[in-house]
Amino acid sequence: MVIDNEKAKGHVALKGFFGICREWGCTQEEMMQLLGGVSHSTLAQYQQLPQVKLSQDTLERISYILGIYESLRVMYPTAERANRRVRLETSEVPFAGASALDFMARGSLKHLAETRRYFDAKRTG
């Protein structure tokens, strides 16, 4: 039996993504935007955790989300506080009154990258 590493990587990435979204209490719309504006049918397909080759863009998005999740877990003593922080509105740059999750759910890769940089800097600063 031949294992397709790209499809296995896609499966693992989606499993991690949906686990984080469950902890963060993400809506279907938020998940669709975090994945780059995918359709309802694509999201439903992904939620079945298939062995699927994901695009580089999707893998990059999930990688940013995993990093943000990791930073939050390092910064806060409990999962509950870390998960609450992602929904906390803040006036800090780059969020300007939005929560980190609302900012990320605007859909652009740039928003994910900026959020990751923000929490990495907070964690190490």
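Modeller: A helix here is a DSSP run of at least four residues, numbered from the N terminus. Please note that the model is predicted.
Colleague: In which helix is cysteine 21 placed?
Modeller: Cysteine 21 lies in helix α1, which covers residues 5-24.
Colleague: Is cysteine 21 buried or exposed?
Modeller: Cysteine 21 counts as buried, because its relative accessibility is 2% and buried means under 20%.
Colleague: What does cysteine 21 touch?
Modeller: Leaving aside residues up to four places away in sequence, cysteine 21 touches Cys26, Met31 and Leu34.
Colleague: And how far is its C-alpha atom from that of tyrosine 69?
Modeller: The two C-alpha atoms are separated by 9.9 Å, while cysteine 21 and tyrosine 69 are 48 residues apart along the chain.
Colleague: Turning to the rings, how many aromatic pairs are there?
Modeller: The structure has six aromatic pairs. One of them joins phenylalanine 17 and phenylalanine 18 edge-to-face, at 5.0 Å centre to centre with 75 degrees between the planes. Both phenylalanine 17 and phenylalanine 18 are buried.
Colleague: What about phenylalanine 95 and phenylalanine 119?
Modeller: Phenylalanine 95 and phenylalanine 119 form a tilted pair, 6.2 Å centre to centre and 35 degrees between the planes. This pair links distant parts of the chain, 24 residues apart: phenylalanine 95 is in the loop between α5 (79-85) and α6 (100-104), and phenylalanine 119 is in helix α7 (residues 109-124).
Colleague: Why does phenylalanine 95 count as buried?
Modeller: Phenylalanine 95 counts as buried because its relative accessibility is 0%. Phenylalanine 119 is buried as well, with a relative accessible area of 0%.
Colleague: Which residues do ring pairs link into a cluster?
Modeller: The cluster consists of Phe95, Phe103, Tyr118 and Phe119.

Technical notes
Residues are numbered from 1 along each chain as its sequence is written. This is a predicted model: local features need pLDDT of at least 70, side-chain atom pairs count only at pLDDT 80 or more; totals for chains, interfaces and linings use all residues. Side-chain values use heavy atoms; hydrogens and water are left out. Rings of Phe, Tyr and Trp (its six-membered ring) pair if their centres lie within 6.5 Å; planes under 30 degrees apart count as stacked, over 60 as edge-to-face and the rest as tilted. Buried means under 20% relative accessible area, exposed over 50%, partly exposed in between (1.4 Å probe, protein chains only). Helices (H or I, at least four residues) and strands (E, at least two) are DSSP runs, numbered from the N terminus. Contact means heavy atoms within 4.5 Å.
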